[in-house]
Amino acid sequence: GAVTFYKVPVTCGKYKDTLRLVPKDTSVQLRIYVDNTFSEAYFQNGRVAMTVPQATLGADTRMALFASGPTLVRSATVFPMRSIWVSSDEVRQAPRIYPASISNGVEKIYAYV
């Protein structure tokens, strides 16, 4: 038979899409990842996904979540991300793993720290 669903408009900056919710969806999960060059929003485990380019973020950058009707936020968690950039000293101090030899078809790996 026909599947009943509700069309919910979602927006991230100037980007718009429609999230389809079925009656058993009693809550909406939203995961947002923010980088210095873009933001990504995933609704309902990726049922709708948006990638939004942005200007470089600063320490004073603010973000907001808006709803067009009554909304209850049951939980919100923020996980800070470390920079992907490392110094040349950190690269030199990283453990090195080199294949040493192959014996009986088994490659032996040695790590130098």
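Is Tyr33 buried, partly exposed or exposed? At 40% relative accessibility, Tyr33 comes out as partly exposed, where buried means under 20% relative accessible area, exposed over 50%, and partly exposed in between (1.4 Å probe, protein chains only). The model is a predicted one, so local features need pLDDT of at least 70 and side-chain atom pairs count only at pLDDT 80 or more, while totals for chains, interfaces and linings use all residues. Residues are numbered from 1 along each chain as its sequence is written, and side-chain values use heavy atoms, with hydrogens and water left out.

First, the overall picture. The secondary structure of the chain amounts to one helix and seven strands, with helices (H or I, at least four residues) and strands (E, at least two) taken as DSSP runs and numbered from the N terminus. Along the sequence these elements follow the pattern β-β-β-β-β-α-β-β. Of the 113 residues in the chain, 12% count as buried. The accessible surface is about 10200 Å², and carbon and sulfur atoms hold 56% of that; these areas come from the Shrake-Rupley method with a 1.4 Å probe, and for residues only the protein chains shown count as cover. As for contacts (heavy atoms within 4.5 Å), residues 24 or more positions apart make up 23% of those in the chain with a separation of 6 or more.

Three strands form an open sheet in the order β3-β4-β5, with antiparallel pairing; two strands pair if DSSP finds at least two bridges between them. Strands β3 and β5 sit at the edges, each pairing on one side only. On average, neighbouring strands of this sheet are turned by 10° against each other, direction ignored, with axes being lines fitted to C-alpha atoms (for helices over the stretch in contact) and angles running from 0 to 180 degrees between N-to-C directions. In general, strands of a sheet pair through backbone hydrogen bonds, either parallel or antiparallel. Here, β4 and β5 run antiparallel and are joined by six bridges. Met50 in β5 is the bridge partner of Ala41, and Phe38 stands opposite Pro53 in β5.

Leaving aside residues up to four places away in sequence, Tyr33 touches Phe38, Ser39, Glu40 and Tyr42. The structure holds one aromatic pair. That pair consists of Tyr33 and Tyr42, arranged edge-to-face at 6.0 Å centre to centre and with 75° between the planes. The rule for such pairs is that rings of Phe, Tyr and Trp (its six-membered ring) have centres within 6.5 Å; planes under 30 degrees apart count as stacked, over 60 as edge-to-face and the rest as tilted. Tyr42 is partly exposed because its relative accessibility is 26%. Further along the chain, Met81 lies 48 residues from Tyr33, and their C-alpha atoms are separated by 9.5 Å.

Ser39 is part of strand β4 (residues 38-43). With a relative accessibility of 5%, Ser39 counts as buried. The side chains of Ser39 and Gln54 are joined by a polar contact of 2.5 Å. A polar contact is a pair of N or O atoms within 3.5 Å; within protein, one must be able to donate a hydrogen and the other to accept it, and residues adjacent in sequence count only if both atoms are side-chain atoms. Not counting residues up to four places away in sequence, Ser39 touches Tyr33, Val34, Met50, Thr51, Val52, Gln54 and Met63.

That leaves the turn of the hairpin. The hairpin of β4 and β5 has four residues between the strands, and Gln44 takes a positive phi near 50° in it. Asn45 also sits in the loop between β4 and β5, and its phi is near 60°, a positive value in a residue other than glycine.
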